[in-house]
Amino acid sequence: MARAFPEPGRPVSLPGVELRRTGGSYDLLAAGVGPALAAASVSAALTAATLTGEPYALVVSAGIAGGFLPEAPVGSLVVADRITVADLGAESAEGFLPVTELGFGTVTHRPPDSLVRAAGAAAGARRGEILTVSTVTGTAARAAALRVRHPEALAEAMEGFGVAEAAGAHGTPVLEIRAVSNPVGPRDRAAWRIGEALAALTTAFGKLAPLLESWNRHDQ
Ligand SMILES: O=C(O)c1cccc(C(=O)CC[C@H]2O[C@@H](n3cnc4c(=O)[nH]cnc43)[C@H](O)[C@@H]2O)c1
């Protein structure tokens with residue numbers, strides 16, 4: 001993912017976290033795969049920055065994703081107006097119950113609307129709901145079930161909600177942007193276009209950098 005940025009930056013020593021500091025106004029964090037590791041990594045980086053008196057102003061979760069067709073084809077970009085965890089809850093005879101229906105927790109984080117709109121326009125990304133799952137969808141039945149519960153979802157990935165939970169706990173705004181590497185549906189490893197998606201993400205960050213560097217939370 002770091003290839004999407006013009007310079008690799010120098011490593012910052014932080015236990016359990018792979019963080020690089022660039023000469024620009026941002027740090028790069030390899031947050032790992034899955035919501036739990038992503039949340040742990042982002043939380044550690046946010047805490048360390050706060051303790052040194054230089055808290056982050058914005059957290060951006062970026063990576064590849066599965067896209068729901070026809071809205072989000074392979075190679076396209078999506079930016080989240082809602083970051084929703086799709087599998088945090090309980091099964092019941094009546095179907096899946098999100099934790100909020102059990103009386104606790106959160107299932108959706110909403111990035112600042114002005115930032116979502118500006119990022120979508122700058123990067124040429126479609127705006128919509130991005131799901132976070134702990135298991136990559138691999139059947140048509142699972143894809144259809146997700147679509148029934150989340151009819152406006154554009155894509156699924158595995159980190160956004162964890163990143164958003166960590167950012168939310170610190171009161172830091174969050175943005176999620178993804179490049180679609182594969183369709184959500186029956187597992188077909190040969191259909192994944194990771195190189196193409198990373199190239200799209202690299203181009204997008206070239207266009208997004210000025211916006212992200214100048215974005216002020218008071219604009220929201
Ligand atoms: O199934 C495989 O053989 C396989 C091969 C390469 C990579 C994977 C992953 O599971 C990568 C997960 C990684 O990429 C994001 N991602 C990309 N597409 C999807 C998707 O359709 N559903 C969920 N996550 C996806 C995810 O955020 C991870 O960071 C599998």
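Entry 1, a covered helix. I started with helix H5, residues 160-169, and found it mostly covered, with eight of its ten residues buried. I counted a residue as buried if 20 or more other C-beta atoms lie within 10 Å of its own. I wrote down the buried ones: Gly-160, Phe-161, Gly-162, Val-163, Ala-164, Glu-165, Ala-166 and Ala-167. I then looked just after H5, where Gly-171 takes a positive phi of about 70°. I note that the model is predicted.

I listed six helices and eleven strands in the chain. I checked how many of the 220 residues count as buried, and it is 37%. The C-alpha trace spans about 50 × 40 × 35 Å along its principal axes. I also compared the radius of gyration with the rule for a compact globule: for 220 residues the rule gives a value near 17 Å, and the chain agrees because it has 17 Å. For contacts, I took residues at least 6 apart in sequence; 72% of these contacts join residues at least 24 apart.

I looked up the largest nonpolar core and found 55 residues in it. Val-42, Val-78, Ala-155, Val-163 and Ile-177 have the most contacts inside this core. Helix H6, residues 194-214, gives the core its largest share, seven residues. Val-163 is also on my list of buried residues of H5.

Which residues does Val-78 touch, not counting those up to four places away in sequence? I found Ala-65, Ala-72, Ala-125, Arg-126, Gly-128, Ile-130, Leu-154, Ala-155, Arg-178 and Val-180.

I found 18 residues surrounding the ligand, and the closest are Ile-64, Gly-66, Val-136, Ala-157 and Met-158. Which strands each supply at least two residues of the shell? They are E4 (59-67), E10 (153-157) and E11 (174-183). The largest share of the shell, four residues, comes from E4. I sorted the shell by residue type and got nine nonpolar, five polar and four charged.

I looked up the UniProt annotation, from an unreviewed entry, and it reads "domain: Nucleoside phosphorylase" for residues 30-199. Over residues 30-199 I found the chain to be 34% helix and 30% strand. The end C-alpha atoms of this stretch are 18 Å apart.

Methods: Residues are numbered from 1 along each chain as its sequence is written. This is a predicted model: local features need pLDDT of at least 70, side-chain atom pairs count only at pLDDT 80 or more; totals for chains, interfaces and linings use all residues. A residue is near a molecule or strand if its C-beta atom, placed from the backbone, lies within 6 Å of it. Ala, Val, Leu, Ile, Met, Phe, Trp, Tyr, Cys and Pro count as nonpolar, Asp, Glu, Lys and Arg as charged, and the others, Gly among them, as polar. The radius of gyration is taken over C-alpha atoms; the globule rule is 2.2 Å times the number of residues to the power 0.38. A residue is buried if 20 or more other C-beta atoms lie within 10 Å of its own, exposed if 12 or fewer, and partly exposed in between; C-beta atoms are placed from the backbone. Two residues are in contact if their C-beta atoms, placed from the backbone, lie within 7 Å. UniProt positions are given in the numbering used here, feature names are shortened, and annotations may be inferred rather than shown by experiment. A nonpolar core is a set of buried Ala, Val, Leu, Ile, Met, Phe, Trp, Tyr and Cys residues joined through C-beta atoms within 7 Å.
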